[in-house]
Amino acid sequence: MSSINYDLTKIRAFVFDVDGVLSPTVIPMSSTGEPMRMLNIKDGYALQLAVKHGYKIAILTGANTKAVEVRYRGLGITNVFLAAAVKLPVLQQWMCDNGLEAEQVTYCGDDIPDLHCMSEVGLPVAPADAAPEVIAVAKYVTRCNGGYGVARDVIEQVMKAQGKWLDEKHAFGW
């Protein structure tokens, strides 16, 4: 039984911010000033499983770090949008290019730059430690803080609702 109050059978696509959603809100810096990110392995498993099942997935971040692109492309995600200072036009174009209606899309964001995108999708999601303004517009607030299983929580609930979680063909391997 899902804890998300939304018809999850409609979901065909997931969009994730990185900092504060797929990684914690605290980012260590390398000695050269490069931001370093921690990423959750269970999020990675769920993301690659969703890709195998044909869900559309996009990473939409203001960050411009090659490591972010390498990580998510390595999981099979082809739509990795870096340096998106204004995210809404990127989201709208991606939805249009993929023939997606708002009700088919979930967007996971944690801070003010995500608000406009969250208003454009059927299922806006926030981590437990998101900004109060984001929590106020989210239809679902995960039990997880950013970087600690947000993607896994949402993807798992959607896939379970659609009968796709733990299928023999895709679940037992990377």
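Which side chain meets Lys160 in a salt bridge? The first close-up has the reply, and a few words on the model come before it.

This is a predicted model, where local features need pLDDT of at least 70, side-chain atom pairs count only at pLDDT 80 or more, and totals for chains, interfaces and linings use all residues. Residues are numbered from 1 along each chain as its sequence is written, and side-chain values use heavy atoms, with hydrogens and water left out.

**View 1. Lys160 and Glu156 in helix α6.** It's Glu156 that pairs up with Lys160, at 2.7 Å from N to O. That makes a salt bridge, meaning a side-chain nitrogen of Lys or Arg within 4 Å of a carboxyl oxygen of Asp or Glu. The two residues sit four apart in the helix, so about one helical turn separates them. Helices (H or I, at least four residues) and strands (E, at least two) are DSSP runs, numbered from the N terminus. Glu156 has a relative accessible area of 18% and is buried. Here buried means under 20% relative accessible area, exposed means over 50%, and partly exposed is in between (1.4 Å probe, protein chains only).

**View 2. Asp153 and Arg143 form a salt bridge.** Their N and O atoms come to 2.8 Å. This pair ties together distant parts of the chain, 10 residues apart: Asp153 belongs to helix α6 (residues 150-161), while Arg143 lies in the loop between β6 (140-141) and α6. Asp153 is buried at 5% relative accessibility, whereas Arg143 is exposed at 65%.

**View 3. Glu69 and Arg73 form a salt bridge.** Look for the closest N and O atoms, 2.9 Å apart. Both residues are in helix α2 (residues 66-74), and because they are four residues apart, about one helical turn lies between them. Glu69 is buried, with 19% relative accessible area, and Arg73 is partly exposed at 38%.

**View 4. Gln48 reaches Lys52 by a polar contact.** Gln48 is part of helix α1 (residues 41-52), and at 5% relative accessibility Gln48 is buried. Its side chain meets the side chain of Lys52 at 3.0 Å. A polar contact is a pair of N or O atoms within 3.5 Å; within protein, one must be able to donate a hydrogen and the other to accept it, and residues adjacent in sequence count only if both atoms are side-chain atoms.
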